[in-house]
Structures are given as C-alpha cells and as structure tokens.
Amino acid sequence: MKLRLFIAALLFVLPLPAAATPQAVERAFQDYKVAVLSGDGVAAAALVTQQTYDYYRQIADHALTLDQGGLNKLHVMDRMAVLQLRYQMSRAQLESMSGAEIVAYAVDQGWIGKDGVSRLQVGPFTVNGDTASAAALGGDGQETSLRLHFVKEGDRWRLDLMRMLLVTRVAIAQAIQQTGMSENDFILYALEAMTGRRPGLDIWSPPS
C-alpha cells in the first residue's frame, strides 16, 4: 500500500512525456510551409529529418568526386541533384557545408519550389508512435495517393523528405520518357532552364 502511494505521489512530481497528437504534426507541417515560402532556409532545414541531411551531404560528396562514368550509374534524379550542386555551388561550399546547411542553402536559393509548397494541402494526420502521415489533397479537396510522412526526432516532428523523393524519382523518369530526350540531355536542359546558362562539358568532371 505504501509503495502504491509513493508511485502515485511521484506522478505529480516527475514530468511525463507529452502525448503525440495530430495537431503537433500539423503545426510542424505548417511551420515548414511558412519557412519555405518566406525563404527561411535555416528554419526549413530544422524541420526535415537527419536522413535528409545525410542524403544531401552524400550528393555533395558525389559532386566533388564522380566523373561521368560514376554519375551515369546514379538514378537520374540523384544525378540531376549532383550536377545542380556542382553547377551552382563552389568547391569550397561543397567541401565545408553540412547536409543541414545544404538544405538551408537550397531553400534560400529558391531551389525548393515555392509554388508547389504553397498549393500543398493535406488531410488529417494519423500518428503512430514516433511516425505520422497524411494524404495530400488534390485541387478538388479529395485525397490523392501522395502521402506526407513525418518522424519525431528528439522533441520535434520533422518532415521525411526522403519518402517524397521516392515519388519524385518516378515522376522524373516518366517526364523524361515523355519528352523522348536522353536522361543527360534532359538534365542539361533542366539546368539551363533553372539558371539561364547552358552547362559546358566541364559539368561532367569534379570541380578543380
């Protein structure tokens, strides 16, 4: 009996972990949208997962080291990301920046499309422990097959961009197939459209 009273008393003293709620995930989603739309790279980067940081750090490493033979072994989406960093960042930036800093830089530079983010709406989040997801809504307000996934890392909900990149891989491959262009020609066309400059042959070699 005394032990039960002691445990009950502790419940009023010791802090208990807050229950995960869909509202908390929704707030993280809205915070991410606001950060991207306002061009606040640091705030946006703080709301994506460690796995996302690791991916972009690896992309930067590829930009520093891979020749054309190595690049051609990558999926076209990853190859495009490598060449975009190589084309628009200096070697010093590629060497020194962390994955989180690269994500922040991409937001600051507007590489993450604000138009798509501004139109993005989701249904209610479903929470399962330290993971949560919600369906993206179409223009008619109906659920689509695309889902946004969040992971709780530490004390914060973070967007799992890697799950979204899997969808992007399929979309890019389909887009290239529809154009009839080769993968590398499509990448060069996309880089020119983004920057207004046609990449030279040196894009296929690591920066000196």
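Two strands are said to pair if DSSP finds at least two bridges between them. In this predicted model, A132 has F150 of strand 3 as its bridge partner.

- An open sheet is built from four strands in the order 1-2-3-4, with antiparallel pairing.
- Strand 1 (126-128) and strand 4 (156-159) are the edge strands, each pairing on one side only.
- On average, and with direction ignored, neighbouring strands of the sheet are turned by 30° against each other.
- Strand 2 (residues 131-137) and strand 3 (residues 143-153) run antiparallel and are joined by six bridges.

**Nonpolar cores**
- The largest nonpolar core comprises 32 residues, and Y55, L71, L83, L85 and L94 have the most contacts inside it.
- Helix 4 (50-65), helix 6, helix 8 (99-108), helix 10 and helix 11 (183-195) each give two or more residues to this core.
- Helix 6 supplies the largest share of this core, eight residues.
- Another core, of 27 residues, lies apart from it; V25, A44, F150 and W157 are among its members.
- Leaving aside residues up to four places away in sequence, L71 touches L66, R79, V82, L83, R86 and W204.

**Packing of helix 6 and helix 10**
- Helix 6 (residues 76-88) packs with helix 10 (residues 161-179) at an angle of about 95°, and their axes are 8 Å apart.
- Because angles of 65 to 115 degrees count as roughly perpendicular, helix 6 is roughly perpendicular to helix 10.
- Helix 6 makes this contact through V76, M77 and D78, and helix 10 through L165, T168, R169, I172 and I176.
- By class, the contact has five nonpolar, one polar and two charged residues.

Notes:
Residues are numbered from 1 along each chain as its sequence is written. This is a predicted model: local features need pLDDT of at least 70, side-chain atom pairs count only at pLDDT 80 or more; totals for chains, interfaces and linings use all residues. Side-chain values use heavy atoms; hydrogens and water are left out. Axes are lines fitted to C-alpha atoms, for helices over the stretch in contact, and angles run from 0 to 180 degrees between N-to-C directions. Angles under 35 degrees count as roughly parallel, over 145 as roughly antiparallel, 65 to 115 as roughly perpendicular and the rest as oblique. Contact means heavy atoms within 4.5 Å. Ala, Val, Leu, Ile, Met, Phe, Trp, Tyr, Cys and Pro count as nonpolar, Asp, Glu, Lys and Arg as charged, and the others, Gly among them, as polar. A nonpolar core is a set of buried Ala, Val, Leu, Ile, Met, Phe, Trp, Tyr and Cys residues joined through side-chain atoms within 4.5 Å. Buried means under 20% relative accessible area, exposed over 50%, partly exposed in between (1.4 Å probe, protein chains only).
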